[in-house]
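Subject: Handover of a structure and notes on it

Dear colleague,

Please find the structure below, together with its sequence. My notes follow it and are arranged by chain.

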Amino acid sequence: MRVSLTVNGRPQQADDVWEGESLLYVLRERLGLPGAKNACEQGECGSCTVRLDGELVCSCLVAAGQAEGREVVTVEGLADHAAGRRATAPGVGLDEARRWQPVPGEGARLAPIQQAFIDAGAVQCGFCTPGLLVAADELLEQNPEPTDADIREALSGNLCRCTGYEKIMDAVRLAAARQAEEV
Amino acid sequence: MEFLRPASWQEALAAKAEHPTAVPIAGGTDVMVEINFDHRRPTHLLDLTRIGELTEWETGTDSVRLGASVPYARIMRHLRAELPGLALAAHTVASPQIRNRGGVGGNLGTASPAGDAHPALLAAGAEVEAESAARGTRLIPVDTFYTGVKRNALEPDELIRAVRIARADGPQQYSKVGTRNAMVIAVCAFGLALHPETRTVRTGIGSAAPTPIRAEVAEQFLNSALEEGGFWESGQIIAPSAVKQFATLCAAACNPIDDVRGTAGYRRHAIGVLARRTLMWAWESYRGGHRVTEGAA
């Protein structure tokens, strides 16, 4: 079957999709977006985490056909997604908005949470990182001043076997603090 | 495999009548696991996510009609006052990603003895609203809905439209045993609801018998002990011996097995502990008066 959806703001179409196929497979193998990772295939590890119509989901548990006509954001689109949020956030003056310029060179731009992961040393092997970034970004969108308990709960569906999570906690706190300074 | 995408509830019922072996899929948190692991290759997948009313709920005077696909995340957020036991149970489900997709209809459809919602539904009192194109709607009391391990009372042409759950008239509690606070399939779970209006206590046991069950003998014992001692009026602390007997009878209601998550003996013991704790918590709320329907996280 054919599946049409919007991924990271762009209309996309995948043909010859098997009816039992997951959204994760469509993203990785048909649309060339390998950011969301394929690991447990049962919703345990969170490495395939994406946004589906804004909701945080495991893309391995979404049937491809269920994504028909929906909007998906993957880690590849996280910088744009986060930038869009800031652009629509109240408090940006007209002059400031006029001065805004895109950073040249596609791929060079990072979402604040991505920069915070780098700065805090929250990335080791990197396999869990895309899922954690999407989940952490959603947390900061919903709750700009999360407590440690909030962070732990928000990331409880994402497994990391390298870091012991402490650096990841640091990164989310750092991104939250930077976000607060900006406002 | 065919992917059926009904745009309305009537279309979904028609599709299920035409293809009785079609597997309904909503949040996908059970069905997709089976497909990903090649444990299941249904001829038809029946996608219910286009049907808006399945994700809505209506709050009546006595009950909440909860759409089959209302995700756990929304139950936690919006139905804490009306359905405190279920809201607590919803909060123990897996992770935020799973709670955004999974709902009670799927839990009932799968009918795993370890499903997190079941003990809360049993304790609160609920009816499953099943519907077919041929025979319309019927209400199945949740007590008789679970017929075996991963088996339920649905006919092949039926779909779950909603669950009608009694609104809390007193404190409710829910507790679950697992190795961590997230991403855990229950080793065992226990739900308890005080119903001051009828002066009864109801229970629900998960993952400690082939199906979710109520501890009916324990309920009868406690109901008489509370009635005879005038506890509902006085709000006195329940005698420790009565609490202990209630816990023992709850443990005795179990019919567990040894498996990878725990032994039968451990499950029986743990259910006794959970029964005692949830009764104490709920009774403290009842005595405290105003905190009645707010569950502790």
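Two strands are said to pair if DSSP finds at least two bridges between them. Helices (H or I, at least four residues) and strands (E, at least two) are DSSP runs, numbered from the N terminus. The model is a predicted one, in which local features need pLDDT of at least 70 and side-chain atom pairs count only at pLDDT 80 or more, while totals for chains, interfaces and linings use all residues. Residues are numbered from 1 along each chain as its sequence is written, and chains are lettered from A and ligands numbered from 1 in the order in which they are written.

Chain A: the sheet

Chain A holds an open sheet of five strands, ordered β2-β1-β5-β3-β4, and its pairing is mixed. The edges are formed by β2 (10-14) and β4 (55-58) of chain A; each has a single partner strand, so one side of each is left without a neighbour in the sheet. On average, and with direction ignored, neighbouring strands of this sheet are turned by 40 degrees against each other. For angles of this kind, axes are lines fitted to C-alpha atoms, for helices over the stretch in contact, and the angles run from 0 to 180 degrees between N-to-C directions.

Strand β3 (residues 49-52) of chain A pairs with β4(A) in the antiparallel sense over four bridges. Within this pair, Leu52(A) has Glu55(A) of β4(A) as its bridge partner. Helix α5 (residues 129-142) of chain A packs on the sheet and touches β3 and β4 of chain A, its direction making about 45 degrees with that of β3(A). Contact here means that the C-beta atoms of two residues, placed from the backbone, lie within 7 Å.

Chain A: a helix pair

Helix α5(A) also packs with helix α4 (residues 112-120) of chain A, at an angle of about 120 degrees and with the axes 9 Å apart. The two helices, α4(A) and α5(A), are therefore oblique to each other; angles under 35 degrees count as roughly parallel, over 145 as roughly antiparallel, 65 to 115 as roughly perpendicular and the rest as oblique. From α4(A), the contact involves Ile113(A), Gln114(A) and Phe117(A), and from α5(A) it involves Thr129(A), Leu133(A), Ala136(A), Asp137(A) and Leu140(A). By class, these residues are five nonpolar, two polar and one charged. In this classification, Ala, Val, Leu, Ile, Met, Phe, Trp, Tyr, Cys and Pro count as nonpolar, Asp, Glu, Lys and Arg as charged, and the others, Gly among them, as polar.

Chain A: domains

Chain A is assigned domain 1 (3-73) and domain 2 (76-182), with bounds that come from an automatic or database domain assignment. Each side of their contact is made of 15 residues. On the side of domain 1 of chain A, β3(A) supplies the largest share, three residues. That side has seven nonpolar, six polar and two charged residues.

Where chains A and B meet

The contact between the chains takes 23 residues from chain A and 24 residues from chain B. Edge strand β4(A) gives the largest share of the chain A side, four residues. Nine nonpolar, ten polar and four charged residues make up that side of chain A.

Chain B

Chain B is divided into domain 1 (1-46) and domain 2 (172-288), whose C-alpha centres lie 36 Å apart. An open sheet of three strands in chain B has the order β1-β3-β2 with parallel pairing. Its edges are β1 (2-4) and β2 (23-25) of chain B, each with a single partner strand, so one side of each is left without a neighbour in the sheet. Neighbouring strands here are turned by 25 degrees against each other on average, direction ignored. Three bridges join β1(B) in the parallel sense to strand β3 (residues 44-47) of chain B, and Leu4(B) stands opposite Leu46(B) in β3(B).

Helix α9 (residues 216-228) and helix α11 (residues 240-253) of chain B have axes that come within 8 Å and cross at roughly 165 degrees; α9(B) and α11(B) are therefore roughly antiparallel to each other. Their contact has ten nonpolar, one polar and no charged residues.

With kind regards
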